[in-house]
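Good morning, and thank you for making time for this. Please have the sequence and the structure open while I talk, and I will go from the overall layout to individual residues.

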Amino acid sequence: MDVVNRYITINNHVNGAPQDSDFELKASPLALSLDPASNVVIVKNLYVSIDPYQLNRMKSFSASQKTSDFAVAIVPGEAIDTYGVGKVVASTNPEFDKGDIVVGLLNWGEFTVIKAGGMLNKLNTMGFPLSYHVGILGFSGLTAYAGLFDICKPKKGEKVFVSAALGSVGNLVGQFAKLSGCYVVGCAGSKEKVALLKEKLGFDDAFNYREETDLNSTLKSYFPNGIDIYFDNVGGEMQEVAVSNMNINGRIAVCGVISEYLDSEKRAAPSMIEVIYKRIKIQGFLAGDYLNIFGDFLSTTCDHLRTGKIQPLEDISDGVESIPSAFISLYRGQNIGKKIVKIAEE
């Protein structure tokens, strides 16, 4: 039996802001009848993740492409892999059976063919929606958890600043920090997002960075006694002014630098004098570095979800054809929470 597999590719390397014209929806036949010796799994994709870091993979060159297996360059015309949840429709791999719900590296498409050794695991949904396992219970959640608790180690009463606070990672960092007894301020790109941070997610305060003409003064007004922890999702000027407002022994977890993805010249230049004399810890990290604590993260986050102490925040588009616009929306500040595309019903 054959099916038609529709999938998204890039037409060319993307070295600036992504546009609709950079992407193409392709279709090719896919045989579901497998050679018994092939050791292959075919997955019907159900939900796929949309993440800003993919832009660095689309560039003709980025330093990130040589440092992580998850960040290797995307070849124009070829399928694009991402984290996702799907259902096995055919398998000659003894570890998977037809009908299994799985999670792992899938494609921006309707089906994924996964050879032996590919990143794929059976999924225990634990009673949660499948989409949660792409975001809050997936790598976005692990990134927030590891960056805050392993790198920054918050203490009750400490002051925490989160940039891109309504993004897939930032919103969870703020919620985890509040549960740790911290004072939390976030920044976002609209009045509506600021209201969500304070009214839905429980941030102590928030501001719209687009309305601020002097970010240094803004941070001083929200943190008159300084910042103990900064969770950095944007880089650039925001990182510079955060460093200027850090307390002695402050900690900065650098998760993303989205402001620099579109403009390689727009790089942060924090005061290293302040870093030295305030003994500030600045650490970049990847979620893949912390798979050893995935069990702890999952247990803790599931408990918080069941008790309502953490609110999931998802932004879901429908259909494989919506993937380009969903991705582009990340760079226009249009997403609220974790951006996901629902490919098909289970």
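Predicted model: local features only at pLDDT ≥ 70, side-chain atom pairs only at ≥ 80, totals over all residues.

Let me begin with a word on domains, whose bounds here come from an automatic or database domain assignment. On that basis the chain is divided into domain 1, which covers 2-135 + 313-342, and domain 2, which covers 139-288, and their C-alpha centres lie 29 Å apart.

Residues are numbered from 1 along each chain as its sequence is written, and side-chain values use heavy atoms, with hydrogens and water left out.

How do the two domains meet? Taking contact to mean heavy atoms within 4.5 Å, 23 residues of domain 1 are in contact with 17 residues of domain 2. Buried area is the accessible area, with a 1.4 Å probe, that two parts lose on being put together, summed over both, and for these domains it comes to about 1500 Å², with 65% on carbon and sulfur atoms. On the domain 1 side, L313, Y331 and I336 supply 30% of the area buried against domain 2, more than any other three residues.

Now to the helices, which are DSSP runs of H or I with at least four residues, just as strands are runs of E with at least two, numbered from the N terminus. The expected span of a helix is 1.5 Å times one less than its number of residues, so the 14 residues of α2, residues 139-152, should span 20 Å, and the end C-alpha atoms, 18 Å apart, agree with that. Helix α2 bends by about 25 degrees at A146, the bend being the angle between axes fitted to the seven residues ending there and the seven starting there.

Is α2 enclosed or open, and why? Counting a residue as buried under 20% relative accessible area, exposed over 50% and partly exposed in between, with a 1.4 Å probe and protein chains only, 12 of the 14 residues of α2 are buried, so this helix is largely enclosed by the rest of the structure. Helix α3, residues 170-179, is likewise largely enclosed, because eight of its 10 residues are buried, and what covers them includes α2, β8, β9, β11 and α9.

Finally, the charged pairs, of which the structure holds 13 salt bridges. One of them joins the side chains of E110 and R6 at 3.0 Å, N to O, and since E110 lies in the loop between β5 and β6 and R6 in strand β1, the pair ties together parts that are 104 residues apart in sequence. E110 counts as buried at 16% relative accessibility, whereas R6 is partly exposed at 29%. Another salt bridge joins E158 and R251 at 2.6 Å, N to O, with E158 in the loop between α2 and β8 and R251 in strand β12, so that parts 93 residues apart in sequence are tied together. Both E158 and R251 are buried.

Definitions and conventions. Salt bridge = Lys/Arg side-chain N within 4 Å of Asp/Glu carboxyl O.
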